[in-house]
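Thanks for coming. Please look at it on the screen while I talk.

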Amino acid sequence: MTVQIYYTTVFTKRSCFEELVANRVGSEGFAILVEVEGLVVPLDNDDWMIRFLRPCKFYAKSACELIQRYYQFKIKHWDMYNELMPSKEANIFKQNILAVFPNRDQLGRRVLLLELGKNWKHKEVSLDEVFKGCVLFLEAAMLEPETQVHGAVVIFDMDGLTLQQAWQFTPPFAKRIVDWLQDAVPLRIKGIHIINQPKIFNMVFALFKPILREKLRSRIIFHGTDRESLYKHISKECLPAAYGGTVDAPRVQGEQWYELLLKCDNEYKEINNYGYTQQIEELRNKKNKKK
């Protein structure tokens, strides 16, 4: 299976201009990171720098702050990020409840789908595994220049959510997700669309609502079964038939995604080599002593 990225002439011109800006901003604005104690990052890698510059609209100070939050979050939730790579997370892909649409939406954004209702076997796959799967998908999306520019949208299909499943959501989990989305994702999350949600979902959302800042809260939209409401944000021509759309491309199945991402295991391993490496090493030593 191959995944193709299509570039428009406008996008290509914009990319060339941004690369020129990045060379100037990176060499000057990122110098502050050298002084951050314990932080190891590839400052000589333009591709790495630009993936943080783009979501910050090329403000070097904002990009530097995002970089630090990104790696601080990984330390805070080290149990989630320790040696995180596709080869260690086969189960979430086997469950086939996460998917990225093969096409982009009408604004060039990637579309990530999570099915956390009737298709989610919560006794076989935990929400922590779901989180790890989302991280792996978004880390891959961060490597795509077009996604760096246009961002991504997320669809949560909650059809068939049960009380037992709702109880899997906890305050610590909710805080981790909100902190991640608001402060630590180097990607523009342009919209979160909740569809097919039953009334019991209100209990789940009550965990998230108090800690949402206005920017993210305004991007969370509840559609229920109203497809016309969804089409106002994601064009019908960009959705599969399952959601009343006209895209006839087959859904990429979870095991297909696993095989694809497995080929990128070394890239994920390289990603794990950066950050607050001394703290990471200390955490690893503590874990080894407990064994």
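Predicted model: local features only at pLDDT ≥ 70, side-chain atom pairs only at ≥ 80, totals over all residues.

Start at Phe131: the charged end of Arg176 sits over its ring, 5.0 Å from the ring centre.

Next, rings with rings. How many aromatic pairs does a search of the whole structure find? The count is 14. A pair of aromatic rings is described by two things, the distance of the centres and the angle of the planes.

Take the pair of Phe93 and Phe137. Their centres are 5.8 Å apart, and the planes stand at 75° to each other. That pair is edge-to-face, because the angle is over 60 degrees. Where do the two residues lie in the chain? Phe93 belongs to helix α5, residues 90–95, and Phe137 to helix α6, residues 127–141. They are 44 residues apart, so the pair links distant parts of the chain. Buried or exposed, these two? Phe93 and Phe137 are both buried.

There is also an aromatic cluster, made up of Trp48, Phe52, Tyr70 and Tyr71.

Now the protein as a whole. It has 15 helices and seven strands. The protein has 291 residues, and 51% of them count as buried.

Last, contacts. Of the contacts with a separation of 6 or more, 81% are between residues 24 or more positions apart.

That is what I have.

Terms used. Residues numbered from 1 in each chain as written. Heavy atoms only, no water. Phe/Tyr/Trp six-rings, centres within 6.5 Å; stacked < 30°, edge-to-face > 60°. Helix = DSSP H or I, 4+ residues; strand = E, 2+ residues; numbered from the N terminus. Buried < 20%, exposed > 50% of the residue type's maximum accessible area, 1.4 Å probe, protein only. Lys NZ or Arg CZ within 6 Å of the ring centre and 35° of its normal. Contact = heavy atoms within 4.5 Å.
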